[in-house]
Amino acid sequence: MTETAQTAQTAQTAPTGQTRQTAGTRQAVSFTGAVKTFGAVRAVDGVDLELAAGETVALLGRNGAGKSTAISLLLGLHEPDEGVVRLFGVTPEESVRAGRVGAMLQDGRPVPRVTVGELVGFVARTYPRPIPVAEALELAGIAELADRRVDRLSGGQQQRVRFAVALIGNPALIVLDEPTAALDVEARHAFWDSMRAYARRGHTVLFSTHYLEEADANADRIVVIDRGRIVADGSGEQLRRAAGGNLVSFDLAGAGTEGLTLLPGVVSVEVRGDRARLRTEDSDATVIALAERGAIRGLEVVAASLDDAFLALTSPADAASAPSSLPSAPPSSLPSSPASSANLEAV
Ligand SMILES: Nc1ncnc2c1ncn2[C@@H]1O[C@H](COP(=O)(O)OP(=O)(O)OP(=O)(O)O)[C@@H](O)[C@H]1O
């Protein structure tokens, strides 16, 4: 059965209003000690995460980090081996049945011979409180495609149809698994404009991505996942700071590197040729100490980029799918959290 068919079935078999909602909760998503293993791979390895209602959160990680598995747990597509996942205080299944969750997943083939309007209209009828089809198409930026056949659209257009399908039920929570993968720059911008318009209505959005800039530009919060574990959670700025806020570089000019790691604030030292690069949490103190050593030739201080932070926080790609005998998560001063229904299978 396709996910759309499942959604249609669950929507029809669950009377509106049957779902409990935790009194007064403003929590959209919670993972508590969630674990999901595939053989020796701990794809999700003890995740604790909460998303408040109305937040837009990016789930950022390398290939194989566990993003899609975490999203599958969130949507109830997989059961956790350990721990608990809740959406709006109830099980994912209950939330999906109540039409509170919309999702745009990674895979899916276009349904042949139906128009965009017909497809979105069909999915709308499976929800208790859909928004008008025209409004969903407008929000997704594809109003002019209503009468076009879905299987004859470009990849970018199909992606936006998937987005319309995900939001037609007016879900309180929308989950987007790498929504801009394979889109060109213009299509990406257009997609994020649509996403932000939806988020501005007060909905909760969780999206996964490999793109740091997209996470930084479009999310209130970035959750970094690495080998199934959350290794950082906060704003882009907090991530930069957590990974060592500044980079101090200077010419060694023949001087040794002894003791550089012991300088105040220094988190790591990298030497390339005759130039040393220190990642530091306190660049003032580091520079003063370097001056005292007389090592300030060609001195440069720059803020660590989000790329630097991401690389510092996560494991190399070849380690990402290894069974986890993990080192402890890198220190993070940051606080720490997705859902769904009809989707890609339908588009
Ligand atoms: N059904 C499955 N059977 C076996 N292993 C799986 C399965 N699903 C995921 N895995 C493994 O779990 C780990 C996490 O995979 P997951 O797809 O969640 O990562 P991801 O962060 O979404 O990666 P990507 O960015 O490449 O999509 C990987 O090592 C993957 O090979």
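## Model and overall make-up

This is a predicted model: local features need pLDDT of at least 70, side-chain atom pairs count only at pLDDT 80 or more, and totals for chains, interfaces and linings use all residues. Residues are numbered from 1 along each chain as its sequence is written.

The protein chain has eleven helices and 13 strands. Helices (H or I, at least four residues) and strands (E, at least two) are DSSP runs, numbered from the N terminus. Of the 347 residues of the protein chain, 47% are buried. Buried means that 20 or more other C-beta atoms lie within 10 Å of the residue's own; exposed means 12 or fewer, and partly exposed lies in between, with C-beta atoms placed from the backbone.

## The four-strand sheet

Strands S11, S12, S10 and S13 form an open sheet in the order S11-S12-S10-S13, with antiparallel pairing. Two strands pair if DSSP finds at least two bridges between them. S11 and S13 are the edge strands, and each pairs on one side only. The twist averages 20° from one strand to the next. Axes here are lines fitted to C-alpha atoms, for helices over the stretch in contact, and angles run from 0 to 180 degrees between N-to-C directions.

S10 and S12 are joined by six bridges and run antiparallel. Asp-251 stands opposite Arg-275 in S12. Leu-247 has Arg-279 of S12 as its bridge partner. S10 also pairs with S13, again antiparallel, over four bridges. There, Val-248 stands opposite Val-301 in S13.

In a regular strand the side chains alternate between the two faces of the sheet. S10 shows this: Asn-246, Val-248 and Phe-250 point to one face and are buried.

H10 (residues 283-293) has four buried residues listed by name: Ser-283, Thr-286, Val-287 and Leu-290. They lie on the same side of H10 because they cover an arc of only 95° around the axis. The arc is that of the directions from the helix axis to the C-beta atoms. An α-helix has 3.6 residues a turn, so residues three or four places apart point the same way.

The buried residues of H10 pack against S10 (246-251), S11 (266-272), S12 (275-280) and S13 (300-303). Contact requires C-beta atoms, placed from the backbone, within 7 Å. H10 lies across these strands and runs at about 15° to S10. Just after H10, Gly-294 takes a positive phi of about 75°.

## The three-strand sheet

A second open sheet has the order S2-S1-S4, with antiparallel pairing. S2 and S4 (82-87) stand at the edges with a single partner strand each, so one side of each has no neighbour in the sheet. Neighbouring strands are turned by 20° against each other on average, direction ignored.

Nine bridges join S1 (residues 27-38) to S2. Thr-37 stands opposite Arg-42 in S2. H2 lies across S1, S2 and S4, at about 60° to S2.

Conventions:
Two residues are in contact if their C-beta atoms, placed from the backbone, lie within 7 Å.
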